[in-house]
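Here is a walk through one structure, taken a piece at a time. Keep the viewer open as you read.

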Amino acid sequence: MASAVFGRTQVSEVGIFRHMAHLAWFGQLIPLAGISLLCATAAFGQATTNRYSFQEYLLVPLRVHLLSAKETPAIQTTLAESDVTRILGKLNSIWSQAGLHFYVESLVREEANQPETYGQPAGPDDRSVLLGLRPSASLATNLFHVYYLKKLVMNGICFSEAIFVKDTASLRPVEGGLDEPIPRVTSHELGHALGLSHRQNTTNLMASGTTGFWLNDEEIKQARLVARKLHCIESAPELLKRADLLFRAKKMQEAAALYSGLATLPLRVKEVDLAKQRADRAIRFGPKSNMTGARQ
Ligand SMILES: [Zn+2]
């Protein structure tokens with residue numbers, strides 16, 4: 001898996017929800033309700049033992065792009081919404097080691113831009129080809145992007161602008177490793193995005209090409225240090241506060257995305273229970289509000 005350190009400068013202070021308004025116009029925007037309320041799947045036991053409190057958890061916004069290209073099988077992903085739910089659950093189990101929790105700001109199924117340029121699966125040197133596949137309407141610089149497509153030379157790659165992961169990823173199994181390649185590859189690339197380099201101990205998340213998922217204390221410290229510097233990453237209490245503001249302003253779709261992210265935190269605390277209840281309510285009252293919001 002190729003590495004490139006995530007450019008901190010790519011992340012601006014622009015509010016996430018500003019882009020949500022644009023997203024409401026996408027014909028292919030997939031409702032968040034189904035994705036986020038499912039509890040995170042515990043992919044393994046040990047790493048879900050929590051050493052972080054609600055106050056310490058850092059929430060990371062993720063825009064997931066499922067690329068389509070009917071005439072280009074090398075692009076057209078066959079992942080569905082349910083796959084994204086499962087991937088995210090396992091990914092969050094891995095990153096719970098560091099007290100980081102990714103939430104789906106939006107899930108977009110979209111037609112790749114210039115699919116005719118993708119004759120052969122891209123490799124590490126094809127930065128411009130891969131970045132050129134991104135539809136302009138869903139670009140944003142204030143969150144993490146993961147694009148799923150069918151074929152790449154490698155399993156995944158992290159650029160400063162976006163991560164690309166192939167849905168046919170395969171890995172070398174190691175003892176105690178993750179049971180599925182895609183969440184592991186996505187987690188590995190997000191590790192690069194958070195400033196981590198390769199460490200070739202096969203059971204580690206940052207080892208190349210294995211199913212390992214462990215992070216050592218130094219990696220945890222570094223990833224949290226980088227995360228704290230990114231303005232788009234908020235602590236759980238900060239995110240809850242923002243979700244409440246959106247909820248009171250009847251911006252239900254945006255509120256639901258944030259509450260749903262909090263609702264899948266692997267913690268048994270009252271704030272998470274509250275987030276679950278409010279996510280339910282925001283989703284239930286969401287469609288009407290979304291339409292209103294989109295037409296303003
Ligand atoms: Zn790598």
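Which residues touch the most other members of the largest nonpolar core? They are Tyr-259 and Leu-262, in a core of 82 residues. A nonpolar core here is a set of buried Ala, Val, Leu, Ile, Met, Phe, Trp, Tyr and Cys residues joined through C-beta atoms within 7 Å. Buried means 20 or more other C-beta atoms within 10 Å of a residue's own, exposed means 12 or fewer, and partly exposed is in between, with C-beta atoms placed from the backbone. Helix α8 (residues 252-263) gives the most to this core, with eight residues.

Before going on, bear in mind that this is a predicted model, where local features need pLDDT of at least 70, side-chain atom pairs count only at pLDDT 80 or more, and totals for chains, interfaces and linings use all residues. Residues are numbered from 1 along each chain as its sequence is written. Helices (H or I, at least four residues) and strands (E, at least two) are DSSP runs, numbered from the N terminus.

Now find β2 (58-68). This strand is mostly covered, with 10 of its 11 residues buried. Strands count as paired if DSSP finds at least two bridges between them. β2 runs parallel to β3, joined by 11 bridges, and it also pairs in the parallel sense with β4 (residues 144-149), over five bridges. His-65 shows both pairings: it stands opposite Val-108 in β3, and its bridge partner in β4 is Tyr-147. With β7 (residues 234-235), β2 runs antiparallel, over two bridges; there, Leu-58 partners Ser-235.

Next comes α6 (residues 217-229). Its buried residues are Glu-219, Ala-223 and Ala-227. An α-helix has 3.6 residues a turn, so residues three or four places apart point the same way. The face turned away from the buried side carries exposed residues, including Asp-217, Lys-221 and Lys-229. Cover for the buried residues includes β2, β3 and α5.

As for α5 itself, 13 of its 13 residues are buried, so this helix is largely enclosed by the rest of the structure. Just after α5, Gly-195 takes a positive phi of about 90 degrees.

Key: Expected span 1.5 Å × (residues − 1). Contact = placed C-beta atoms within 7 Å.
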